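Trainee: Hi! Could we go through this one together, a bit at a time?
Mentor: Happy to, have a look at it first.

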Amino acid sequence: MNHFKQVNTPIGNLTIVANEHAITHLFLTEEGFHEFLENESSMDDSESELLTQADIQLQEYFQGKRTTFDLPFEQSGTPFREKVWSVLQNIPYGQSYSYLDVAEKIGSPKAVRAVGQANKANKLPIFIPCHRVIGKNKGLTGYAGTQTDVKAKLLDLEKILYKN
């Protein structure tokens, strides 16, 4: 059984989804969550301790009081994507990597576009900070598809410099 909780944040209403053991999704838009619901048969909006903790930690992040998340996450993908997501989790708060930096860290320096696709496939944005990956010229590139305005707000929150 999956559970969800909608939370109000400075970047809009977000929806957190968890199973009994871990946070599995963070939706930045209601549309994304509704698309997910169409394919999900067991969903419940009952409160869980895990969702409560995720909400608290997100609020602390947006208040500038939290720089890392201490929650169990569950996300599966190809071995390549899992390597990328592992690197993302190690980008320190307030710092950015380029797509090339990430590709080099996983030992695939020519896989810059594939790194971008792995970022796009990340079901746990903010928690697994794909927003900290920007172009090597410090320019913004897509976030959660096309939401560069959200990416800019998250980078501003962390005081990461970028070019608009």
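**A chat about the model**

Mentor: Let's start with a record: UniProt, in an unreviewed entry, lists Cys 130 for "active site". UniProt positions are given in the numbering used here, feature names are shortened, and annotations may be inferred rather than shown by experiment.

Trainee: Before I go on, what kind of model is this, and how are residues numbered?
Mentor: This is a predicted model, where local features need pLDDT of at least 70 and side-chain atom pairs count only at pLDDT 80 or more, while totals for chains, interfaces and linings use all residues. Residues are numbered from 1 along each chain as its sequence is written, and side-chain values use heavy atoms, with hydrogens and water left out.

Trainee: Thanks! Where does Cys 130 lie?
Mentor: Cys 130 is in the loop between helix 5 and strand 6. Helices (H or I, at least four residues) and strands (E, at least two) are DSSP runs, numbered from the N terminus.

Trainee: Is Cys 130 buried or exposed?
Mentor: Cys 130 is buried, as its relative accessible area is 4%. Buried means under 20% relative accessible area, exposed over 50%, and partly exposed in between (1.4 Å probe, protein chains only).

Trainee: And Lys 120, buried or exposed?
Mentor: Lys 120 counts as exposed because its relative accessibility is 52%. You'll find Lys 120 in helix 5, residues 112-121. Lys 120 and Cys 130 are ten residues apart along the chain, and their C-alpha atoms are separated by 8.2 Å.

Trainee: New topic: how many salt bridges are there?
Mentor: The count comes to three salt bridges. A salt bridge here is a side-chain nitrogen of Lys or Arg within 4 Å of a carboxyl oxygen of Asp or Glu.

Trainee: Which residue meets Lys 5 in a salt bridge?
Mentor: That's Asp 55, with 3.3 Å from N to O between the side chains. This pair links distant parts of the chain, since Lys 5 is in strand 1 (residues 2-9) and Asp 55 in helix 2, 50 residues apart. Lys 5 is buried at a relative accessible area of 17%, and Asp 55 is buried at 14%.

Trainee: What else does Asp 55 touch?
Mentor: Not counting residues up to four places away in sequence, Asp 55 touches Lys 5, Val 7 and Ile 16. Contact means heavy atoms within 4.5 Å.

Trainee: Which residue does Glu 158 pair with?
Mentor: Glu 158 forms a salt bridge with Arg 132, and the closest N and O atoms are 2.8 Å apart. Glu 158 lies in the segment after helix 6 and Arg 132 in the loop between helix 5 and strand 6, so the pair ties together parts that are 26 residues apart in sequence. Both Glu 158 and Arg 132 are buried.

Trainee: You mentioned helix 6. Which of its residues are buried?
Mentor: In helix 6 (residues 148-157), they are Val 150, Lys 151, Ala 152, Leu 154 and Leu 155. These buried residues pack against helix 2 (49-62), helix 4 (99-105) and strand 6 (133-134).

Trainee: Last one: how do strand 2 and strand 3 pair?
Mentor: Strand 2 (residues 12-18) and strand 3 pair in the antiparallel sense over four bridges. Two strands pair if DSSP finds at least two bridges between them. The two form a hairpin with four residues between them, and Thr 15 stands opposite Phe 27 in strand 3.

Trainee: Why is strand 3 largely enclosed?
Mentor: Five of the five residues of strand 3 (residues 23-27) are buried, so the rest of the structure largely encloses this strand.
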